Amino acid sequence: MRVKIIMLNVICYIYSLLYMLFKGKYALVNRPWWSISYSICALLLALMLIVIYERNRLLWASKNKKEETRYIAISGACIVSLILAGIGRW
């Protein structure tokens, strides 16, 4: 189950890295509607990860504090990167 949770977070993190293609000063696709739709999708993904956070933490089944801290770091970094990509430079 940990592999699925890590894959979900990695895919969401890669989606947040697409920020450079759709938004910003040097975007390849510099259209306002692409930027707005990307922002909405990024914020919805962040909201989804926040909603399922507790369920994923229970499925992570950490045996000690170090493993739980690892899950918090992975999930937190992904959520923060999605929020920053969603609200960054409209």
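## A look around the fold

The protein chain has five helices and zero strands. Keep in mind that this is a predicted model. Read along the sequence, the pattern is simply α-α-α-α-α. The C-alpha trace spans about 45 × 20 × 20 Å along its principal axes. Of the 90 residues in the chain, 30% are buried. Take the contacts with a separation of 6 or more: 67% of them are between residues 24 or more positions apart.

Let's start with helix H3, which runs over residues 32-51. Its 20 residues reach 29 Å from first C-alpha to last, close to the 28 Å expected at 1.5 Å a residue. Which residues of H3 are buried? They are Ser-35, Tyr-38, Ser-39, Ala-42, Ala-46 and Leu-49. Looking down the axis of H3, you'd see these buried residues fall within an arc of 100°, so they line one face of the helix.

The largest nonpolar core has eight residues, among them Ala-42, Ala-46 and Leu-49. Cys-12, Ile-52, Cys-78, Ile-79 and Leu-82 are also in this core. H3 and H5 are the elements that give two or more residues to it. Zoom in on Cys-78 and, leaving aside neighbours within four places in sequence, you'll find contacts with Asn-9, Cys-12, Tyr-13 and Leu-49.

Now for the rings. The model has four aromatic pairs. In one of them, Trp-60 and Tyr-71 have ring centres 5.3 Å apart and planes at 40°, so the pair is tilted. Trp-60 sits in helix H4 and Tyr-71 in helix H5, so the pair ties together parts that are 11 residues apart in sequence. Ring pairs also bring in Tyr-53, linking Tyr-53, Trp-60 and Tyr-71 into a cluster.

How buried or exposed are the residues around here? The table sets out four of them, with "buried" meaning under 20% relative accessible area.

| Residue | Relative accessibility | Class |
|---|---|---|
| Trp-60 | 4% | buried |
| Tyr-71 | 1% | buried |
| Glu-67 | 17% | buried |
| Ala-61 | 46% | partly exposed |

Glu-67 deserves a stop of its own. This residue is in helix H5, and at 17% relative accessible area it is buried. What does Glu-67 touch, not counting residues up to four places away in sequence? The list is Arg-2, Trp-60, Ala-61 and Ser-62. A polar atom of the Glu-67 side chain also lies 3.0 Å from the backbone nitrogen of Lys-63.

That leaves Ala-61, one of the residues touched by Glu-67. Ala-61 is found in the loop between H4 and H5. Check its backbone: phi is near 50°, a positive value in a residue other than glycine. With 46% relative accessibility, Ala-61 counts as partly exposed, whereas Trp-60 at 4% is buried.

Conventions:
Residues are numbered from 1 along each chain as its sequence is written. This is a predicted model: local features need pLDDT of at least 70, side-chain atom pairs count only at pLDDT 80 or more; totals for chains, interfaces and linings use all residues. Side-chain values use heavy atoms; hydrogens and water are left out. Helices (H or I, at least four residues) and strands (E, at least two) are DSSP runs, numbered from the N terminus. The expected span of a helix is 1.5 Å times one less than its number of residues. Buried means under 20% relative accessible area, exposed over 50%, partly exposed in between (1.4 Å probe, protein chains only). The arc is that of the directions from the helix axis to the C-beta atoms. Rings of Phe, Tyr and Trp (its six-membered ring) pair if their centres lie within 6.5 Å; planes under 30 degrees apart count as stacked, over 60 as edge-to-face and the rest as tilted. A nonpolar core is a set of buried Ala, Val, Leu, Ile, Met, Phe, Trp, Tyr and Cys residues joined through side-chain atoms within 4.5 Å. Contact means heavy atoms within 4.5 Å. A polar contact is a pair of N or O atoms within 3.5 Å; within protein, one must be able to donate a hydrogen and the other to accept it, and residues adjacent in sequence count only if both atoms are side-chain atoms.
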